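The following paragraphs go through one part of a predicted model. Please keep the structure in view while reading.

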Amino acid sequence: MTRKKKPFPILEDIEITDIAAEGKSLARVDDMVVFVPYAVPGDIVDLQILKKKHHYCEASVVKYKKFSEKRATPPCEHFGICGGCAWQILPYEEQLKAKQQQVKDQLTRIAKVELPEINPILGSVKQFEYRNKIEFGCSNKRWFTRGELDNMPPKSDEGPQLRADASANNAIGFHIRGAFDKIYPIHKCHLMEDLHNEIRNFIDETANQMHMSFYDIRAQHGMLRDIMIRNSNTGEWMVLIQFHYDTPEDIQAGQALLEQVATRFPQISSLLYVDNQKGNDTFNDLEIQTYRGKDFIYEEMEELRFKVGVKSFYQTNTEQAYRLYSVARDFASLTGDELVYDLYTGTGTIANFVAKEAKQVIGIEYVEDAIEDAKVNSQINQISNTLFYAGDMKNILTSDFVAEHGRPDVIITDPPRAGMHPDVVSVILNAEPQRIVYVSCNPATQARDLAQLDQKYSVRKVQPVDMFPHTPHVENVVLLVKK
């Protein structure tokens, strides 16, 4: 007979004192650090400890005794459930302070290099409706809140009876953390323009009216799988629906759904679909079909136009992307005579953005479709001094590559969250550009890479940029100059 673990105690009248990483807040009880979600500094709370380690524990709020004067009222009906906007309860100016401190802490504690004074963070022009792209999962395993479960009629001693209508268990929305097969239905998300919500809700309603099956990730069947919606500052809209066809009849049903979406939303200039039979929702290796319109949309930045395809990376906050890239261009201090390497170039946004001030720009990116878009973007904008290469960065950027194309005067690098591979850092050190502009969406891995670059480079400027209000994520741009 296994013994039940004794539950952890409830801590009473605890004051939340600070903001921690990953959107959590922090309290201190004796010598123990306690991490707590959905609380802000100044809250007085009772806490249920959920997990305990040697020097810290994780807890949840079971009762708010007193709300902090810093607390804001979240506008979203889904706040606290979907997990996307952990900081809606924190006023925006407080969010910016926390992100500024996050950058400082990570560069100081991880990089351990000499730093200049960090510039004040550039806050987002928009705090809501700033996202130009979002993806929604579709599932026949709807997540029910505790309150919803409590209001369901009892099935038996085993638990509540889920609704008899199968469609009531379908959902389009966001994955619940810790339950990969569960989707919480979203009615209105405030991070994107409201047409995103209208399109998603229409697809949800129409698919259920058609008795279309929603995807079951465990059983790997069900037709409606995933939705991606994207819009641009040129007023164009792109929608990609991922299907998982189980029968020939599914193909006809999918076409019927697409036709209804096209009819209801003539604003959609790029309506796409894909049959994804894989075990995950990624589609970079799949052939995308165009149902209506074209297979791309345009974004504009200054006098430049950028073609953005369904597989292309483009910053999800358009206005802040311009500010971010302007910082990178300013840090690069180009005079027109430099050879620039743009690493992780995506669709060539930065490469084309700085090309007019450089002698030549060479962009490297893993995704082949993005590189094709980068080449087209140069053509569209009549830019003739760019070259683009597709492939794994550590395999493309080698000493031989540098020998063939020339030693760069400036390197601009904008890697994914994992940062740069050690081999890439090694090649950069051997190439010895005069300046490195490091754009990062993860200051922790950026700090790790700065520690490696410190043997030949000193940090001269640091500029945080907030791309994602109401989330703990922050972008950071660092200028390194050869010692």
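In this predicted model, helix α1 lies across strands β23 and β24 (475-482), and its direction makes about 160° with that of β23. Helix α11 also packs on the sheet, where it touches β22, β23 and β24. The direction of α11 is at about 160° to that of β22.

The sheet itself is open and has seven strands, in the order β20-β19-β18-β21-β22-β24-β23, with mixed pairing. β20 (386-390) and β23 (457-465) are the edge strands; each has a single partner, so one side of each is left without a neighbour in the sheet. From one strand to the next the twist averages 15°. In general, strands of a sheet pair through backbone hydrogen bonds, and the pairing is either parallel or antiparallel. Strands β21 (residues 410-413) and β22 run parallel and are joined by four bridges. Across this pair, T413 stands opposite Y438 of β22.

The two helices can be considered next. Packed helices are described by the angle between their axes and by the distance between those axes. For α1 (residues 92-111) and α11 (residues 443-453), the angle is about 35° and the axes are 8 Å apart. The crossing of α1 past α11 is right-handed. On the α1 side the contact is made by V103, Q106, L107, I110 and A111, and on the α11 side by P443, A444, Q446, A447, R448, L450 and A451.

Which residues of α11 are buried? They are P443, T445, Q446, A447, D449, L450 and L453. Of these, P443, Q446, A447 and L450 also belong to the contact with α1. The cover over the buried residues of α11 includes α1 and α10 (422-431), together with strands β22, β23 and β24.

One annotated position remains. UniProt, in an unreviewed entry, lists C441 under "active site". Where does C441 lie? C441 is in the loop between β22 (435-440) and α11, the helix that packs on β22, β23 and β24. With its neighbours within four places in sequence left aside, C441 is in contact with P415, P416, R417, V474 and E475. Among these, E475 falls within β24 (475-482), one of the strands that α1 lies across.

How values were computed
Residues numbered from 1 in each chain as written. Predicted model: local features only at pLDDT ≥ 70, side-chain atom pairs only at ≥ 80, totals over all residues. Heavy atoms only, no water. Axes fitted to C-alpha atoms, helices over the stretch in contact; angles between N-to-C directions. Helix = DSSP H or I, 4+ residues; strand = E, 2+ residues; numbered from the N terminus. Left-handed = near helix turned anticlockwise from the far one by under 90°. Contact = heavy atoms within 4.5 Å. UniProt positions renumbered as here; feature names shortened; annotations may be inferred. Pairing = 2+ DSSP bridges. Buried < 20%, exposed > 50% of the residue type's maximum accessible area, 1.4 Å probe, protein only.
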